[in-house]
Amino acid sequence: MYSGELQFLNDNNFASVTKGKIFIVDFYADWCGPCVAFAPTFEAVAKKMSSTNFAKVNVDNSPKLSAQFNIEFIPYIVAVKEGKVLEQYNGSRTEQDFQSWCSKMTGNSVTEKDNKIINDKESSENTLSWSGLWVTKFG
C-alpha cells in the first residue's frame with residue numbers, strides 16, 4: 001500500500017498489503033510486557049524511516065499468521081517479503097540498533113527530511129527520547 005505509515009495487519013489483509021514489498025513486522029500481544037516495552041522504539045523508527053514499510057500484527061487476533069510464521073515467542077520482529085521471513089531481529093532493543101537493522105534489511109535509511117520532521121515535532125511537543133534506556137535483550 002503506502003510507505004511511511006505504520007500499518008496494523010491481520011489474517012485478512014496481511015498477504016494483500018505486503019505483496020511484493022519488504023515489510024518490517026512486529027508480531028505482538030497487548031498483554032506482553034516486552035512487546036509493550038519495545039513498542040515506542042518500533043514506532044519511533046517507523047516514523048523516522050518514511051520510505052520503509054512497517055506493520056504490527058496482534059497475534060491474539062491473527063491465529064493463521066501466528067501459525068504461518070511459527071511464532072513461539074513475542075515480540076517476534078522480522079523482515080518479511082512475499083510471506084517469507086528474510087531475517088529475524090535479534091539485536092538490542094535500542095532505537096539506533098533497530099534502525100540500523102531496518103536499513104540493512106530494506107536498503108532504506110533515515111533521510112534529512114525525515115530527521116527534520118521528527119526533530120521539529122519533538123521540539124514542538126517537548127518530548128523525550130527514550131532510546132538510550134532500553135537495555136533488555138530478547139531472543
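**Terms and their grounds**

Mentor: The axes of helix H2 (residues 33–48) and helix H4 (residues 95–106) come within 10 Å and cross at roughly 50°. This is a predicted model, in which local features need pLDDT of at least 70 and side-chain atom pairs count only at pLDDT 80 or more, whereas totals for chains, interfaces and linings use all residues. Residues are numbered from 1 along each chain as its sequence is written, and side-chain values use heavy atoms, with hydrogens and water left out.

Trainee: Why is H2 called oblique to H4?

Mentor: Angles under 35 degrees count as roughly parallel, over 145 as roughly antiparallel, 65 to 115 as roughly perpendicular and the rest as oblique. The crossing of H2 and H4 is at roughly 50°, and therefore H2 is oblique to H4.

Trainee: Which residues make the contact between H2 and H4?

Mentor: Contact means heavy atoms within 4.5 Å. H2 contributes Phe38, Thr41, Phe42, Ala44, Val45 and Lys48, and H4 contributes Glu95, Phe98, Gln99 and Cys102.

Trainee: How are the residues in the contact of H2 with H4 divided by class?

Mentor: There are six nonpolar, two polar and two charged residues. Ala, Val, Leu, Ile, Met, Phe, Trp, Tyr, Cys and Pro count as nonpolar, Asp, Glu, Lys and Arg as charged, and the others, Gly among them, as polar.

Trainee: Why is isoleucine 22 called partly exposed?

Mentor: Buried means under 20% relative accessible area, exposed over 50%, and partly exposed in between (1.4 Å probe, protein chains only). Isoleucine 22 has a relative accessible area of 24%, so it is partly exposed. This residue lies in strand S2 (residues 22–28) and touches, among others, Val80, Leu86 and Met105.

Trainee: What makes asparagine 70 count as exposed?

Mentor: Its relative accessibility is 59%, and asparagine 70 therefore counts as exposed. Asparagine 70 lies in the loop between H3 and S4 and has a positive phi of about 50° although it is not a glycine.

Trainee: Is glutamate 82 exposed, partly exposed or buried?

Mentor: Glutamate 82 is partly exposed, because its relative accessible area is 48%. It is placed in the loop between S4 and strand S5 (84–88), and its phi, near 55°, is a positive value in a residue other than glycine.

Trainee: How do you know that the peptide bond from isoleucine 74 to proline 75 is cis?

Mentor: Omega of that bond is near 0°. Proline 75 is in the loop between helix H3 (63–68) and strand S4 (76–81).

Terms used:
Axes are lines fitted to C-alpha atoms, for helices over the stretch in contact, and angles run from 0 to 180 degrees between N-to-C directions. Helices (H or I, at least four residues) and strands (E, at least two) are DSSP runs, numbered from the N terminus. Lists of a residue's contacts leave out its neighbours within four places in sequence.
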